[in-house]
Every structure is written in structure tokens, then in C-alpha cells.
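I am opening my notebook on a structure that is new to me. I will write down each thing I look up, one entry at a time.

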Amino acid sequence: MHPDNNQDNTPSSSDHSDGFMNTKVSRRDFLKRSAVVGTGAAALVAAMSPLRLLKDTLTAEEFVQKHYKEMSSEELDRVLKRIERKVKERYGVDAEVKDIKPMDGVEYVYALNLSRCNGSRRCVHACVNENNQSRSPEIQYISVFKMPKGTFDMEQGTRDYNPETVPEDDSFYLPVQCFQCEEPPCTKACPVEATWQEKDGITVIDYDWCIGCRYCEAACPYWARRFNFAEPNIPKERINPSMSYLSNRPRPKGVVEKCHFCLHRTREGKLPACLEACPTGARIFGNILDPDSEVSYVLKNKRVFVLKEEAGTLPRFFYFFDK
Amino acid sequence: MAVVFLVLAISFIVDIWGEPPKRVIHPTVDQANFSQKPARTPALNPIYVKDGYSYRCNDCHSVLEPSDVQKSYISAHPDVILEHGANNYCTTCHSPDNRERLLDINGYDVAFDQSHKSCLQCHGPIYRDWEAGVHGRMNDYWDTERGPTRKLTCVECHNPHQPKFPDMQPSPAPNINNYISFLNQLMTSEESHASR
């Protein structure tokens with residue numbers, strides 16, 4: 001449009017670049033450039049500002065932590081000490097974090113008498129209390145379904161029942177939790193092997209190895225796995241200080257968790273928390289490899305069944321009716 | 001690159017992302033919801049207290065003839081309501097000669113803390129299950145090498161006079177509304193469904 005102008009500008013711009021190289025910068029250009037650089041830096045800081053909200057960032061030690069199965073006992077001890085320290089910092093509770101290995105000659109099986117279950121949900125809250133689950137948002141391992149009598153169609157069941165008293169005449173109650181399947185689809189779905197089946201039949205999760213992809217949650221036919229969408233919130237006075245690495249230590253945000261048959265109790269010979277709170281004694285737990293155990297008696301003498309047998313998962317959790 | 005940062009910076013300053021979903025803090029559930037206490041505490045050593053005096057059973061019953069008629073509800077024990085199937089007589093289970101004892105079907109005395117020996121005479125199959133540890137609750141240890149198993153007795157769950165297990169109040173239901181904005185979204189979408 002204005003060739004004269006162009007001709008005028010071209011030499012002047014080359015002058016500028018020369019000036020820059022020779023550190024002869026005009027005041028105007030210096031201000032211009034520093035304004036650009038300053039704005040850019042400010043923009044960078046502002047763009048990264050959400051990082052400030054990150055609390056409890058990963059330490060180098062946590063970052064290089066190995067998979068549970070690959071850790072030597074010294075490394076694992078260090079990790080357990082670190083978890084204890086973090087629990088103390090966060091909740092002010094002196095917790096004891098253990099790593100309890102499976103017992104030899106033991107395979108756990110659960111049995112549940114549906115004729116006795118009265119839907120009181122004591123097991124649900126005993127479990128939450130034992131296993132340091134997040135209270136808000138709420139995570140519960142056990143779902144108790146109220147089912148109309150005469151059907152096993154889960155679509156007709158509801159978790160959200162709240163009558164004055166239970167049981168109600170027209171319903172039975174079906175508690176569902178992780179069944180510790182012998183052929184677990186969840187462990188096969190995990191891309192990083194953060195979940196696996198131990199030799200006593202309990203499928204466990206290394207919460208520090210879990211990447212939170214939730215494939216296992218989708219693979220489970222029983223909706224047994226729960227995902228920590230938010231940082232778990234647990235009242236200090238309700239922390240259970242008896243913890244173990246693979247079970248009830250506080251979980252971080254963004255990992256999957258599930259029922260583990262209270263392995264920190266059961267591997268020390270105790271009964272699971274849900275069973276101990278059941279007011280009607282509907283729950284039966286024990287070692288299936290022991291022919292004299294309670295669960296062996298149930299499998300020999302009662303007509304047991306499993307949920308979704310056609311899925312081929314071979315659950316270690318048997319239901320039966322007893323009337 | 002600089003443009004991306006600039007846009008991001010503006011987006012954070014103007015705050016186009018809005019508030020993060022606010023968490024609903026659920027009330028802490030009462031300890032009674034996971035108590036391991038048995039359903040009832042049976043009186044294994046019954047003492048009758050009236051007008052500031054306490055009596056052993058036999059203090060009165062040694063001078064009272066055992067009634068051979070159906071229990072009347074205006075007697076000395078108005079709190080005992082007998083709803084135990086066809087068992088309408090006190091002396092079906094209580095010894096007529098010694099009221100501090102129970103009775104089995106052969107006429108032998110059964111102590112109050114051995115009451116299951118009375119129960120088993122009619123409830124054979126249930127007793128068999130209980131003995132095997134399959135009826136009724138267990139506590140403490142499953143592995144008897146590590147520690148003792150505590151097995152609740154019949155009367156720690158069932159009132160022998162009204163043996164049907166009492167109805168109870170259910171513990172709180174699961175909360176689905178963990179986030180306020182999520183809840184609002186849900187409600188507005190429900191409203192729009194309703195308006196359609």
C-alpha cells in the first residue's frame with residue numbers, strides 16, 4: 001500500500017536487530033521487550049497457579065518406591081515407618097502399620113445365611129469403622145440390597161431402604177461385598193499388576209502402585225471395588241490404629257479399594273469385623289482347607305449358591321437359605 | 001506456547017472453571033451401629049427386686065404351689081409375656097420343684113447358664129448347627145490355635161419367653177449425595193426431565 005513506508009521500515013528494523021546485538025537498545029524497545037517478557041512470566045506463573053493447591057505432594061522416596069512384591073523386607077519396613085509417620089502427621093494417631101503374610105494351609109471362605117440376615121446394616125458400618133474408609137465422600141465395601149421375595153433379579157433390589165424396623169415382611173436382604181474370586185477378572189484387567197490374588201485367596205491391592213485407571217472396577221461383575229474420587233475424609237477419633245499395608249491403612253486420592261476379608265485380622269486368627277458386628281449371626285467365616293471348620297460344615301450340609309455363577313469367577317463367598 | 005500460557009492465565013484469573021464441587025460432610029455414625037454387644041444380656045442368676053427388697057426365686061416359690069394352668073398375665077411377673085409357640089406353661093421349661101433351675105424333658109435339672117440344654121430338646125437341627133458354629137454369632141478368633149472363639153448362647157440373642165428375634169432399627173443408609181454441585185445438577189436434570 002505504501003511502498004515508501006515499507007522501504008523506510010525495512011532498514012530501521014535491521015537497525016534494531018543490530019542494536020540488539022550491539023546492546024544499543026532504545027529505551028522504547030527495552031520497555032517493549034521487558035513488558036512482553038514480564039507478561040509472559042506472569043502468565044506462566046498464573047497458568048501454573050493450580051499447582052499451589054496440590055497438598056501432600058509426592059516425595060522422592062515415595063516416587064521411587066518399588067512394587068510390594070519386589071520390596072526387600074528392609075525397604076518394606078522403611079515404607080511402613082513412613083506410613084506411620086504420615087498417619088501421625090495427618091491424624092495425630094499413633095498407628096501400627098504391619099505387613100502380615102498369608103498363613104500356610106489356609107484358604108478363606110465366607111458363607112452368609114440369607115434366612116438370618118435382617119438387613120440391619122451393622123456389618124456395613126463395622127466395616128467402615130474397621131477399615132478406615134472415607135466417610136465423606138462415603139465409601140462402603142458392603143452393599144446390603146433389599147430384594148423382593150421370590151426373585152434374584154438385582155434390578156429389583158435397592159440399597160436405599162430406611163424403614164422404621166427391619167426385617168420387612170415382603171423382602172429379604174442380600175449383602176454383597178468382594179467375593180475374593182478364585183478366577184478374579186479384576187486382577188487380569190489391571191495394566192500395572194497393582195492388584196493380585198494372594199495364596200490364602202484374598203485379592204489385595206497395593207495402593208501405592210495403583211494408577212487409578214479403574215479397569216478393575218469395570219471388570220468386576222459384582223460391583224465390589226470402590227474408587228477414591230476425593231482425598232478420603234476420616235474423623236480423627238474414628239481412625240483404627242491397627243493397620244496393615246495391604247488392607248486398612250489410609251488410602252490416597254485416586255486409587256481403588258475393596259473388601260479384603262479384614263486380612264489384618266483374619267491372618268492373625270481373628271474373625272472379620274463385619275461378622276463380629278452381625279446381630280443375627282448370619283455370617284460364617286473360616287478356613288475351607290480345614291474339614292472341621294464352620295464353613296466346611298456349611299458347604300457339606302447346606303444348599304449353597306454363589307452370585308452370577310455363569311460369570312465363571314468361582315467366588316469364595318457362598319449364600320444359603322436355612323429354613 | 002506463550003499464547004497457551006496466556007489463555008490459561010486468563011482462564012484462571014477470570015476463573016472460568018468455577019468452584020470445585022463442594023463436599024458434603026456426612027454426620028459421624030453412632031458407635032451403636034457397629035457395636036459387638038450381643039442382642040440381649042440374659043439373667044443367668046435371676047434376682048427379683050420389688051419394693052426395695054430382692055428375692056431369690058425360691059423365696060416365694062417354695063411356698064407357692066406350681067400352677068398347672070396356663071400362665072396368667074396378672075401374676076407376679078407381668079413383664080414376662082409368653083409367646084413361645086405351644087409352650088403356654090411356665091413349668092414346660094422351669095422346674096416346678098426348684099425355680100432356680102430349668103428342666104429338661106427327662107425331668108433333670110438344668111442350670112440357668114446351661115439353658116441351651118433345655119432348648120436342644122425341641123430345637124434339634126438348630127442345636128446341631130449351633131454346635132457346629134453355623135447358627136448364631138461367633139466372636140474373637142476363628143483360629144482356635146491363636147485364641148478362643150466366643151460362641152453366643154441361645155439366650156444371648158433370643159428371649160426364651162418370646163424367642164422370635166426382635167425387629168430392629170436399621171443403621172443409616174448409604175449416602176449418594178457426596179457433592180453439593182453434583183446434587184444440584186442431578187436435581188436440575190430431574191426437573192428438566194419432569195418438565196418434558
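**Entry: helix 5 of chain A**

I started with burial in helix 5 of chain A. Nine of its nine residues are buried, so the helix is largely enclosed by the rest of the structure. This is a predicted model, and I read every value with that in mind. I listed the buried residues: R122(A), C123(A), V124(A), H125(A), A126(A), C127(A), V128(A), N129(A) and E130(A).

What do they pack against? I found strand 3, helix 8 (263-266), helix 9 and strand 10 (283-287) of chain A. I also checked what comes after the helix. N132(A) follows helix 5 of chain A, and its phi is positive, near 50°.

**Entry: H125(A)**

I picked one residue of helix 5 of chain A, H125(A). Is H125(A) buried or exposed? Its relative accessibility is 5%, and buried means under 20%, so H125(A) counts as buried.

Next I looked up its contacts, leaving aside neighbours within four places in sequence. H125(A) touches Q140(A) in its own chain, and V29(B), N33(B), F34(B), S171(B) and P172(B) in chain B. The side chain of H125(A) reaches the backbone oxygen of P172(B) at 3.1 Å.

**Entry: where the two chains meet**

That took me to the interface. I noted 49 residues of chain B in contact with 63 residues of chain A. The buried area between the chains is about 4700 Å², and carbon and sulfur atoms give 56% of it.

I then turned to polar links. I counted 25 residue pairs in polar contact across this interface, both residues at pLDDT 80 or more. On the chain B side, the elements that give two or more residues are helix 1 (2-14), helix 4 (124-132) and strand 5 (138-140). Helix 1 of chain B has the largest share, six residues. By class, I see 26 nonpolar, 14 polar and nine charged residues on this side of chain B.

How many salt bridges does the rule find across the interface? It finds one. D129(B) and K302(A) meet there through their side chains, at 2.5 Å from N to O.

**Entry: K302(A) again**

I followed K302(A) back into chain A. Its side chain also meets that of D322(A) in a salt bridge, at 3.0 Å from N to O. The pair links distant parts of the chain, 20 residues apart. D322(A) lies in the segment after strand 12 of chain A, and K302(A) in the loop between helix 10 (294-301) and strand 11 (304-305). Both residues are buried. I also noted a network: salt bridges that share partners join R82(A), D206(A), D208(A) and R249(A).

**Entry: other salt bridges**

I searched the whole structure and got 26 salt bridges over all chains. Among them is K98(A) with E268(A), at 3.1 Å from N to O. This pair is 170 residues apart: K98(A) sits in strand 1 (residues 96-98) of chain A, and E268(A) in the loop between helix 8 and helix 9 of chain A. K98(A) is partly exposed at 23%, and E268(A) is partly exposed at 24%.

K188(A) is exposed at 59% relative accessibility, while E183(A) is partly exposed at 38%.

In soluble globular proteins, nonpolar side chains tend to be buried together. I went looking for such groups here. The largest nonpolar core has 65 residues, and L174(A) and Y319(A) touch the most other members. Several elements of chain A each supply at least two core residues, including helix 5 (122-130), strand 4 (171-176) and strand 12 (317-320). Helix 4 of chain A gives the largest share, six residues.

I checked L174(A) beyond its neighbours within four places in sequence. Its contacts include L114(A), F145(A), M147(A), F152(A), L307(A) and Y319(A). A second, separate core has eleven residues, among them V109(A), I284(A), V298(A) and V306(A).

**Entry: chain A overall**

Chain A has ten helices and twelve strands. Of its 323 residues, 54% count as buried. Among contacts in chain A with a separation of 6 or more, 66% join residues 24 or more positions apart.

Technical notes:
Residues numbered from 1 in each chain as written. Chains lettered and ligands numbered in written order. Predicted model: local features only at pLDDT ≥ 70, side-chain atom pairs only at ≥ 80, totals over all residues. Heavy atoms only, no water. Contact = heavy atoms within 4.5 Å. Buried area = accessible area lost by both parts, 1.4 Å probe. Salt bridge = Lys/Arg side-chain N within 4 Å of Asp/Glu carboxyl O. Polar contact = N/O pair within 3.5 Å; in protein donor to acceptor, adjacent residues only side chain to side chain. Helix = DSSP H or I, 4+ residues; strand = E, 2+ residues; numbered from the N terminus. Nonpolar A, V, L, I, M, F, W, Y, C, P; charged D, E, K, R; others polar. Core = buried A, V, L, I, M, F, W, Y, C linked by side-chain atoms within 4.5 Å. Buried < 20%, exposed > 50% of the residue type's maximum accessible area, 1.4 Å probe, protein only.
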